[in-house]
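The sequence and the structure are shown first, and the description follows.

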Amino acid sequence: MSESTENKTSKPGIFSMVMSVLAAFLGVQTEKNRQRDFQHGSPKAYIIIGVILTILFVFGLIGLVNLVMAIAA
């Protein structure tokens, strides 16, 4: 691997971090991305993203249940 390619993949961006958290939610994270996250990522950023995505998931489920209940009534 060349120097420029290593530098590009060494520091994950916000999109990469969100995708890593989503992959971790599903349990399908690749070993390459997992190692990148642990070596170069900030744990605080991953925790914050994880909490935000979990809250969005819970509110999405609540909204879906309310929609189904409204249709069923």
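## The largest pocket

By class, five nonpolar, four polar and two charged residues form the lining of the largest pocket. Here Ala, Val, Leu, Ile, Met, Phe, Trp, Tyr, Cys and Pro count as nonpolar, Asp, Glu, Lys and Arg as charged, and the others, Gly among them, as polar. The lining consists of S20, V21, A24, Q29, R34, D37, F38, G41, S42, P43 and Y46. Two or more of these residues come from each of α2 (14–26), α3 (31–40) and α4 (43–72). A pocket is an open set of points on a 1 Å grid over the protein atoms alone, where a 1.4 Å probe fits, with protein on both sides within 12 Å along at least five of seven lines; lining residues have an atom within 4 Å of a point.

The largest pocket holds about 220 Å³ of space. That volume is the space filled by probe spheres set on the points, with grid points joined across faces, edges and corners.

## Basis of the model

The model is predicted: local features need pLDDT of at least 70, side-chain atom pairs count only at pLDDT 80 or more, and totals for chains, interfaces and linings use all residues. Residues are numbered from 1 along each chain as its sequence is written, and side-chain values use heavy atoms, with hydrogens and water left out.

## The chain as a whole

The chain contains four helices and zero strands, giving the pattern α-α-α-α along the sequence. Helices (H or I, at least four residues) and strands (E, at least two) are DSSP runs, numbered from the N terminus. Of the 73 residues in the chain, 18% are buried. Buried means under 20% relative accessible area, exposed over 50%, and partly exposed in between (1.4 Å probe, protein chains only).

## Helix α4

The end C-alpha atoms of α4 are 43 Å apart, which agrees with the 44 Å that its 30 residues should span at 1.5 Å a residue; the expected span is 1.5 Å times one less than the number of residues. Its buried residues are Y46, I49, G50 and L53, and they pack against α2 and α3, where contact means heavy atoms within 4.5 Å.

## Two lining residues

A24 lies in helix α2 and counts as exposed because its relative accessibility is 51%. A24 and G50 are 26 residues apart in sequence, and their C-alpha atoms are 9.4 Å apart in space.

S42 is placed in the loop between α3 and α4. With 35% relative accessibility, S42 counts as partly exposed. M17 is 25 residues from S42 along the chain, with 9.6 Å between their C-alpha atoms.
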